[in-house]
Amino acid sequence: MALFEARGLTVSYRRNGISFKPFDDISFELLEGQIVDLVGPSGSGKSSLLCACARLLPEAIGTLALKGVDSSSFSAEEWRRLICYVPQKPTVIAGTVRDNLLLPWSFRVRRNDNPPNDKTLCSLMDEASLGDVSLDRDAAQLSGGELARVALLRAFATKPDVFLLDEVEAALDNDSARSVSNLTRKLIGNNTACLRIRHRPPDGVADKMFRLENGKIFQLECAEARI
Amino acid sequence: MDAGVIDIGYPELFGAAAFMLVAAVVAWALRLRQTKAIVIATVRCFLQLLAMGLLLVYLFKYQSWWLVCLVLIGMSLAATQIALGRIKGKALNIWPEVFGSIFLSSMIVALIVVEAIVHASPWYDARVLVPISGMVLGNTLSATAVAIDRLFSDMDARSDEIMAYLALGSTRREAAFPSIRAAIASGLTPALATMSASGIVQIPGMMSGQVLAGADPMIAAKYQIVVLLMVSAATTLAIVAICFTAYRKRFTSDGCFLSPALRNE
């Protein structure tokens, strides 16, 4: 059984009197342990697709399911706790790196969960080659690459079932991007899956590749993803 | 108290309109295109205040609780309309929230003052309740407009952050909370600034009026302190109520954030 399923996803909206339909009747699934790349030209609706999967887009219609359970069985907050969307632009709040990593535990949806302790956070930081960055450091002083990794770690620390990564390596240099790819591979366990938008050449981390173009989704050959 | 009041004759009153020539000359010299607005504001000021004077004369003479309540509701409706008019950009459908916040906060505080501090008898004594409510309403409408404006502009500026919060599982309120906090702080600032400046920089309106009407300055000062405190309380209640209800207008019921790009404005 697929870990995550999207059936008949359609997004349409009007802007300034003009109708747009970025994609229409899209269906796909993600299996446990899978990393899937989503590619396509700019404006083809890749980010909208990820937002729709996280129930962050009001104009989306279609069916979503996690482990066979329909998304309507979950509240929006509970769904987003399990299906975690990481936006392209890393968002940091005023405070330390620790404050940023623990932000999700300040929300009601995790009121019964214990936040990770400093030891766990430090080991995560090590995994992301951020071992030399103190948890007490002011997040505003981090570089772009460090911010992107902290935002990614924050999502990984919440241990969702599905990661939706919206070109999180877009603003990074090649080394940092490689580091983020490796981190993603390392942290995607057997019980999770990841759909990530990428514009860079394949990094060999993905198991499958989808192309979104002209409102439809196509699966590319695995070989292309394994280059 | 009337003994000390110096009446203003109608020729002098209309002559005072010449003061508006200062604004008119500035508007003309700097080509501000405000001439029409200056004329309208002046005419409205005359008509509305004289109408209010006539209404109060009638109210004081034939006052009954329902008539006073009707006047207070009318004043609250006008305050709501003015507050919404001051919000920049497209006003959302927040009329009920604004009216509820302004009306309830102002009336609760005004009635507490009338009953517990001024000890007016009867409680609906128009000579006490109407001017006190008017002062509270005037201040709450300004603070409410400032707070709403700040709330929505801050939420728009924080679009990316709000999306990130929601994506991490926050509720709508949790995502909007930093903006709510900023809006409440900005709404409170004018009232606190007025309190700090009163007695040093300015003699506030009510105290000035009472002194001009021949009242003992100490009595006038005590009234003014009560007024400033009640204005502060009503303002706080109103902006807290409006901020904690109006933020929802930027979200769908399913917790999707309606960013500027999605609102099609």
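Colleague: Where is B:Pro122 placed?

Modeller: B:Pro122 sits in the loop between α5 (95-117) and α6 (126-157) of chain B. Helices (H or I, at least four residues) and strands (E, at least two) are DSSP runs, numbered from the N terminus.

Colleague: Which bond joins B:Ser121 and B:Pro122?

Modeller: A cis peptide bond, with omega about -5°.

Colleague: Ground rules before we go on?

Modeller: This is a predicted model: local features need pLDDT of at least 70, side-chain atom pairs count only at pLDDT 80 or more, and totals for chains, interfaces and linings use all residues. Residues are numbered from 1 along each chain as its sequence is written, chains are lettered from A and ligands numbered from 1 in the order written, and side-chain values use heavy atoms, with hydrogens and water left out.

Colleague: What ipTM and pTM does the predictor give the complex?

Modeller: An ipTM of 0.90 and a pTM of 0.83.

Colleague: And what pLDDT does chain B average?

Modeller: Chain B averages 87, and 95% of its residues score at least 70. pLDDT is the predictor's confidence in each residue, from 0 to 100.

Colleague: Where in chain B is confidence lowest, and where highest?

Modeller: Lowest in helix α11 (residues 260-263) of chain B, with a mean of 78. Helix α7 (residues 159-167) of chain B is highest, at 94.

Colleague: How many helices and strands does chain B have?

Modeller: 11 helices and 0 strands. The C-alpha atoms of chain B fill a box of roughly 70 × 50 × 35 Å along the principal axes.

Colleague: What percentage of chain B is buried?

Modeller: 41% of the 265 residues in chain B. Buried means under 20% relative accessible area, exposed over 50%, and partly exposed in between (1.4 Å probe, protein chains only).

Colleague: B:Ser253, then. Buried or exposed?

Modeller: Exposed, at 76% relative accessibility. B:Ser253 is in the loop between α10 (217-246) and α11 of chain B. Its C-alpha atom is separated by 45 Å from that of B:Pro204, and the two residues are 49 apart along the chain.

Colleague: Switching to backbone angles. What is phi of A:Asp25?

Modeller: Near 55°, a positive value in a residue other than glycine. A:Asp25 is in strand β2 (residues 18-30) of chain A. A:Asp25 counts as partly exposed because its relative accessibility is 49%.

Colleague: And phi of B:Arg31?

Modeller: Near 50°, again positive in a residue other than glycine. B:Arg31 is in the loop between α2 (20-29) and α3 (35-61) of chain B. At 73% relative accessibility, B:Arg31 counts as exposed.

Colleague: How many salt bridges over all chains?

Modeller: A search of the whole structure finds 21. A salt bridge is a side-chain nitrogen of Lys or Arg within 4 Å of a carboxyl oxygen of Asp or Glu.

Colleague: Which residue forms a salt bridge with A:Asp203?

Modeller: A:Arg198, with the closest N and O atoms 3.5 Å apart. A:Asp203 is buried at 11% relative accessibility, and A:Arg198 is buried at 5%.

Colleague: Which residue does A:Arg185 bridge to?

Modeller: A:Asp207, with the closest N and O atoms 3.5 Å apart. A:Arg185 lies in helix α6 (residues 174-187) of chain A and A:Asp207 in the loop between β8 (193-197) and β9 (208-213) of chain A, so the pair ties together parts that are 22 residues apart in sequence. A:Arg185 is partly exposed, at 30% relative accessible area.

Colleague: What about A:Glu146 and A:Arg137? How do their side chains meet?

Modeller: In a salt bridge, 3.9 Å from N to O. A:Glu146 is buried at 15% relative accessibility, whereas A:Arg137 is partly exposed at 27%.

Colleague: Last topic, the surface. Which residues make the nonpolar patch?

Modeller: B:Trp65, B:Trp66, B:Leu70, B:Leu111 and B:Trp123, covering about 560 Å². Patches are made of residues with over 30% relative accessible area and no salt bridge: like charges are joined within 9 Å, nonpolar side chains (Val, Leu, Ile, Met, Phe, Trp, Tyr) within 5 Å. Accessible areas come from the Shrake-Rupley method with a 1.4 Å probe; for residues, only the protein chains shown count as cover.

Colleague: Which helix gives the largest share of that nonpolar patch?

Modeller: Helix α4 (residues 65-85) of chain B, with 3 residues. B:Trp66 is found in that helix.
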